[in-house]
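Student: I should like to discuss the structure shown below, beginning with the chain as a whole and then turning to its details.

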Amino acid sequence: LSNTKTESTSQDAAPPEYLLPGSSERPLMALLPPSSHYLKDLCLSCWNPPPGHRKLQGDFLYISVVTAEGRRCDVTSSPKGFFLNRSTEEMFDPRPAQSSPLCHCFTDLLCHISPAFKKTFTTIKNRSQLPPVEVMPTPYHTMSWLGPPAASRTHKNPFSRLGVDEEAAKQTPDWNEELQAARDLPQGSLEERLQKDRTLLQVNSAFVRAVMQGAETVVDGFVEPVNGNPEDPAFLWGGLFMSQGAASAMFGGERGRRAAQRLELKGVQAYSALEGLEGLHTLPTAIVDYRGIRLSAQGLAPGLEGSEQDQETTPASRLHPERLLALLAHAAKSLSLQRHVVVAPNGHQVPLFTPVDSQGLLGADGRFYVLDVFRSFPADANFCPEVATERYWPENYHTDSGLPKSFAHSLCRLRPELVQIIPSVLSPFYTTFFFILAADSRATKAVRAACKEVGSVSDIIFEMRLNPNVFSPGVSFPPGESASTNLQERLLKEAAAFIITHQIPGFVEHCLQNYEAPMDGASLKQALHQRGINLRYLGHVIQAISRSEHKERLRHIMVCSIYERTSLKPRLFNSFLQGVDVPSLCAAVSHFLCCLLVPHFTPTPVGDETKKKSRRRGRGAGASDSMPWSTLTGSELWNLVCQDAVETYIISDSLGSGPNHLVQHYGLQKLSLLREFCLKTGVQLRLRDYFLDNQSKAPIGPDDVLNIIPVVKHIHMPTVDAMKAFGAAQNSVQKGLLDQAHEQLKEAAFLFGRVCDDLHPEACYCHSLLARVAFLQGKAAEARSAQLKAVVISERVLGFDHPNTIQQYVSMVIYFYSGTTLAQKCLLRARLLILTVHGEDHPFTATLDSCLGKRPSLLLPPWSVYLCLRVRGKRNWFVCECYSYGYFFSQFGEDHQQTGCSKEFLCTITKQAVQVERSLRQAGADSTEQTVEVCLGAQVVPEILSNLKKYKCAW
């Protein structure tokens with residue numbers, strides 16, 4: 001919550017210039033607090049290990065220290081304690097230095113040789129102990145796109161030589177056995193279930209960390225392939241099987257390969273999350289992107305190592321077909337997948353509950369495994385050009401939407417969120433259930449007819465399932481299944497059309513009515529996925545915005561987030577890095593960023609500087625050292641971006657000639673583009689202020705690129721009991737049962753703490769809701785404590801500049817009283833973050849400005865008026881509500897819900913003002929203080945009455 005540029009800001013002082021409306025300055029140095037430099041460097045000395053004659057005299061090891069004052073010292077560790085020796089970088093002299101104290105504690109010696117360290121260390125010892133949520137490690141790595149300003153030695157690892165020695169000393173873990181053993185733990189009691197969830201989370205987090213380390217080791221070239229196939233190399237490292245996968249032409253080449261990896265992870269997640277299904281297992285799975293290469297990582301399936309185990313590994317369908325089919329049938333019911341029959345290559349008819357690619361495996365450990373589940377979800381008929389017939393499509397569907405059409409790959413599948421809601425949206429006969437309630441004799445026939453019409457697998461309830469193999473190339477169905485196949489084709493076409501006709505317009509309307517417009521590409525992706533909309537529909541989302549009557553309200557919001565997503569697809573960056581050598585990575589990444597952010601960027605070739613220096617030294621000009629990546633220009637890159645946007649999202653001529661076009665026409669921030677790029681690709685930049693509008697100089701240099709961090713997508717382990725308690729609390733809040741909700745939320749918070757030490761996104765939402773409920777019950781101290789914990793969790797788990805972190809900062813203001821400096825600090829911090837993430841052109845920015853009393857004439861949600869009351873007092877509170885009512889009335893009309901709510905609120909406070917005025921006149925001056933304490937205050941009553949007439953007439 002602290003920041004050097006805002007700590008000095010008091011309530012009455014003006015905020016910094018870069019936070020004022022209209023300022024184009026975006027200082028990144030204000031985002032993170034300055035790091036405290038206790039020491040410049042602390043590492044093992046180059047003279048380690050101690051030679052034999054020094055070991056005999058008790059030397060354990062030698063430590064090299066560079067103090068904050070710049071003094072370099074070598075320290076000897078011995079049984080007697082720590083002391084300074086006389087060694088330097090050039091000479092080994094283990095004798096004790098003159099006047100060197102002998103300290104039993106290493107920090108005591110550091111305090112003796114460095115006054116700066118002594119001062120800082122004393123401050124640390126005297127401060128209060130931090131809560132566990134601030135110091136415990138997070139289960140998964142939280143990506144930060146900004147690194148420390150001085151990071152010359154932050155990644156130093158003296159224990160590893162060439163990255164190969166560290167793994168050699170470890171025993172290779174069996175990730176699959178660890179995961180399956182955790183899943184097989186007993187779960188009869190609550191304590192056993194909590195222990196199981198905690199163990200699963202620990203195993204999965206350790207697996208993800210191993211995947212990150214393995215990706216760096218493999219891509220850096222320290223592991224040899226085990227198959228010898230240069231086109232599809234496979235690697236074994238640390239108990240992981242890592243491969244890129246084959247680029248099959250049937251699936252669309254390279255893009256199809258990446259889509260198959262992503263869909264495989266999604267399918268594994270779907271099967272892993274099934275409750276009540278015991279006996280069907282999946283391998284630990286993750287995908288990782290590093291230096292432009294995507295690798296799939298899995299634990300080793302039991303029985304695939306060694307010839308004896310190979311003989312024990314047999315397809316499960318041959319040994320136990322009945323048991324395997326029963327398990328798959330149970331899973332298919334939960335996943336809304338239909339049992340169907342396909343024709344095998346040998347002509348036999350095979351019943352399936354899965355796609356044809358899936359395999360059932362009985363491992364050497366006696367467990368059933370399901371593999372290759374990347375086509376578990378039904379095909380998206382909008383991108384199957386072979387089904388372009390008018391049959392089953394809505395009228396004029398192809399003319400209006402341009403669908404169905406081909407896509408860059410043939411693995412376009414419906415999202416699982418859409419599959420779950422299809423039964424409720426494709427059934428036109430749900431109203432027939434009312435016949436049952438009315439005991440009508442026609443009920444049974446009506447329900448059966450409705451079930452048949454909508455394709456239900458049952459004739460008494462609406463239970464719709466979809467066939468994952470329909471519209472799949474190379475799959476044939478027997479003639480006897482033609483009726484069922486035609487019905488499945490109709491359902492899939494209706495589901496695909498539903499995305500265009502209902503989900504996308506509903507999403508746009510939701511953003512208009514609920515003020516929940518996305519702030520960045522990640523929040524846009526999450527909002528679309530919640531409605532079952534794939535990102536390949538972004539072009540149709542833009543078209544829906546352009547057809548909206550209120551497109552101006554969304555033009556700068558949605559379009560900016562969409563263009564961030566389209567112009568920063570990692571695909572171009574990945575292909576760019578393929579031909580870059582390791583020594584040139586920093587220069588290549590900075591060059592790519594300059595080409596992306598600066599239009600017409602044409603830097604000087606790398607070899608020119610060398611030639612100039614060589615001529616000055618009189619050695620002549622050698623051959624050009626220019627690399628192929630250095631020939632890329634800004635215009636060429638932007639043409640590739642536009643071409644990719646047209647092919648993927650059907651966006652034509654909207655991106656313009658460069659990023660400046662988006663800045664001028666849509667208010668897009670280059671800083672937002674830079675942040676989005678780094679979060680997607682794993683690039684970490686040095687923390688400093690970047691001037692991205694400079695057209696004559698490269699804004700980002702090779703020294704600004706600190707690291708490339710592997711970006712991992714992994715399975716999310718459930719916290720079952722905690723989520724059930726949290727869901728029950730949410731239902732209680734909706735019903736208005738605050739006391740019950742408060743107890744349920746405290747129980748959920750306790751369960752989250754037992755499973756994940758509160759370091760989980762859902763734990764953050766739980767504490768935020770707990771703070772809200774506690775505040776409504778008058779427990780302000782508990783509300784502040786819970787909300788502060790929510791802010792810390794969000795920063796540590798989601799990121800310091802995540803949109804949820806911004807909202808948590810603003811929510812904290814509610815629980816502080818008027819006049820507190822911390823409340824204003826939170827608002828200023830939130831405004832700084834939203835200016836960095838999105839820019840000033842966002843409804844949430846208007847909310848923050850209304851809370852700070854800067855721009856009360858913009859759109860104000862009702863709760864922001866309460867914040868304004870707390871932060872700025874009652875006068876601005878009433879004025880803001882009058883402005884809000886006028887804005888609602890002019891924009892939405894008198895019948896809108898927000899207009900009615902604001903009008904009712906104004907009527908209530910106006911009646912209170914009249915009562916106050918009347919009581920003051922009747923009671924006289926003696927009772928003035930008592931009346932003012934109960935009501936709004938005598939000093940604002942005349943202003944309320946006069947302003948009410950003023951704003952009513954104005955609007």
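Student: What percentage of the 955 residues in the protein chain is buried?

Tutor: The model is predicted, so local features need pLDDT of at least 70 and side-chain atom pairs count only at pLDDT 80 or more, while totals for chains, interfaces and linings use all residues. Residues are numbered from 1 along each chain as its sequence is written, and side-chain values use heavy atoms, with hydrogens and water left out. Buried means under 20% relative accessible area, with a 1.4 Å probe and protein chains only. On that criterion, the buried share of the 955 residues is 50%.

Student: Why does the distance between the end C-alpha atoms of helix H7 agree with its number of residues?

Tutor: Helices are DSSP runs of H or I with at least four residues, strands are runs of E with at least two, and both are numbered from the N terminus. The expected span is 1.5 Å times one less than the number of residues. Helix H7 (residues 190-219) has 30 residues and should therefore span 44 Å; its end C-alpha atoms are 43 Å apart.

Student: Which strands stand at the edges of the open sheet of 5 strands?

Tutor: Two strands pair if DSSP finds at least two bridges between them. The pairing is antiparallel, in the order E6-E7-E10-E9-E18. Each edge strand has a single partner, so one side of each is left without a neighbour in the sheet; these are E6 (234-237) and E18 (711-714).

Student: Which residue in E10 stands opposite Met-242?

Tutor: Strand E7 (residues 240-243) and strand E10 (residues 293-299) run antiparallel and are joined by 4 bridges. Opposite Met-242 stands Ala-297.
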